[in-house]
Amino acid sequence: NAAPSPEAHALCIEATRNAERRHQLAPHLLGAISLAETGRWSQKHRASFAWPWTVMAEGRGRYLPSKAAAIAEVVKLKARGVKNIDVGCMQVNLFYHADAFDDLASAFDPETNADYAAAFLRDLKEEVGTWKDAVAYYHSRDDKRGDYYQGKVYDLWYGQRQNLMIAAEGSAPALTAEALA
């Protein structure tokens, strides 16, 4: 497992921000989903970071060090007959969304991965009527699992909104004596 880093996190957050704008989603909602899906705690930075080269299969998350390593992991899993595989910043499932990407390279491209997830989330909202239900259905149509997930995403969205905005902007606010008081 690769160590979580602000640089890799920035790839997912920049991609989610761009997709939010293209698909007219609420700012930082996809970023919160990305954190819920791939977020990993960094003790060094005392923050949770999204990871673009995450592979989830067989009930286990794999945080690979590079796009090439993530692609190789999916190839190995598929060769063993594993079909239910989630990939990238937004953990798009390759079985249920078989036509989402042209190839594994595009599946692990943060921009392409986030763009597909944004379109999928918008379609879910049109289907179910509310963003909260769409977020729940992004994860599962099982009420209990979907409701738990929706709560997790909204907690991240509300609770880390300032951190998501800082990450999206690429800089931290200057700390002044007044801010520290």
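Me: Let's start with Ser-48. Is Ser-48 buried, exposed or partly exposed?
Reply: Ser-48 is partly exposed, because its relative accessible area is 22% and anything between the under 20% cut-off for buried and the over 50% cut-off for exposed gets that label. Keep in mind that this is a predicted model.

Me: Where is Ser-48 found?
Reply: In strand 2, which covers residues 47–49.

Me: And what is Ser-48 in contact with, leaving aside neighbours within four places in sequence?
Reply: With His-9, Leu-35, Gly-39, Arg-40 and Trp-41.

Me: How far apart are Ser-48 and Ala-36 in space?
Reply: They sit 9.7 Å apart, C-alpha to C-alpha, with 12 residues separating them in sequence.

Me: Let me zoom out. How many helices and strands does the chain have?
Reply: Nine helices and six strands.

Me: OK, and what share of the residues counts as buried?
Reply: 45% of the chain's 181 residues.

Me: What about contacts with a separation of 6 or more: which share comes from residues 24 or more positions apart?
Reply: 53% of them.

Me: On to pockets. How much space lies in the largest pocket?
Reply: About 650 Å³.

Me: How many residues line the largest pocket, and which lie nearest its centre?
Reply: The lining has 28 residues, and the ones nearest the centre are Glu-37, Asp-86, Gln-91, Tyr-138 and His-139.

Me: Which helices and strands each supply at least two residues of that lining?
Reply: On the helix side, helix 2 (29–38), helix 5 (110–128), helix 6 (131–139) and helix 7 (143–159).

Me: How do the lining residues divide into nonpolar, polar and charged?
Reply: 13 are nonpolar, 10 are polar and five are charged.

Me: Back to Gln-91. Where is its place in the chain?
Reply: Gln-91 sits in the loop that runs between strand 5 (85–87) and strand 6.

Me: Is Gln-91 buried or exposed?
Reply: Buried, because its relative accessible area is 7%.

Me: So what is Gln-91 in contact with, leaving aside neighbours within four places in sequence?
Reply: Glu-37, Thr-38, Thr-54, Val-55, Met-56, Asp-86 and Asn-113.

Me: New topic, disulfides. What's the count?
Reply: One disulfide. Cys-12 and Cys-89 form it, and their sulfur atoms are 2.1 Å apart.

Me: Which parts does the pair of Cys-12 and Cys-89 tie together?
Reply: Cys-12 lies in helix 1 (residues 6–23), while Cys-89 lies in the loop between strand 5 and strand 6, so the link joins parts that are 77 residues apart in sequence. Gln-91 has its place in that loop as well.

Me: What's the handedness of the link?
Reply: Left-handed, with -85° about the S-S bond.

Me: Are Cys-12 and Cys-89 buried or exposed?
Reply: Cys-12 and Cys-89 are both buried.

Me: How many aromatic pairs does the structure hold?
Reply: Six. Take Phe-95 and Tyr-96: their planes are at 85° and their ring centres 5.1 Å apart, so this is an edge-to-face pair.

Me: How exposed are Phe-95 and Tyr-96?
Reply: Phe-95 is partly exposed at 44% relative accessible area, whereas Tyr-96 counts as exposed at 60%. Phe-120 and Tyr-138 form another aromatic pair, a tilted one, with 5.7 Å centre to centre and 50° between the planes.

Me: Where in the chain are Phe-120 and Tyr-138?
Reply: Phe-120 is in helix 5 and Tyr-138 in helix 6, 18 residues apart, and the pair links distant parts of the chain. Tyr-138 is buried, with a relative accessible area of 10%.

Me: Which residues do ring pairs link into a cluster?
Reply: Phe-101, Tyr-116, Phe-120 and Tyr-138.

Definitions and conventions:
Residues are numbered from 1 along each chain as its sequence is written. This is a predicted model: local features need pLDDT of at least 70, side-chain atom pairs count only at pLDDT 80 or more; totals for chains, interfaces and linings use all residues. Side-chain values use heavy atoms; hydrogens and water are left out. On a 1 Å grid over the protein atoms alone, a cavity is a set of points where a 1.4 Å probe fits but cannot get out, and a pocket is an open set with protein on both sides within 12 Å along at least five of seven lines; lining residues have an atom within 4 Å of a point. Grid points are joined across faces, edges and corners, and a volume is the space filled by probe spheres set on the points. Helices (H or I, at least four residues) and strands (E, at least two) are DSSP runs, numbered from the N terminus. Ala, Val, Leu, Ile, Met, Phe, Trp, Tyr, Cys and Pro count as nonpolar, Asp, Glu, Lys and Arg as charged, and the others, Gly among them, as polar. Buried means under 20% relative accessible area, exposed over 50%, partly exposed in between (1.4 Å probe, protein chains only). Contact means heavy atoms within 4.5 Å. A disulfide is a pair of cysteine sulfur atoms within 2.5 Å. Rings of Phe, Tyr and Trp (its six-membered ring) pair if their centres lie within 6.5 Å; planes under 30 degrees apart count as stacked, over 60 as edge-to-face and the rest as tilted.
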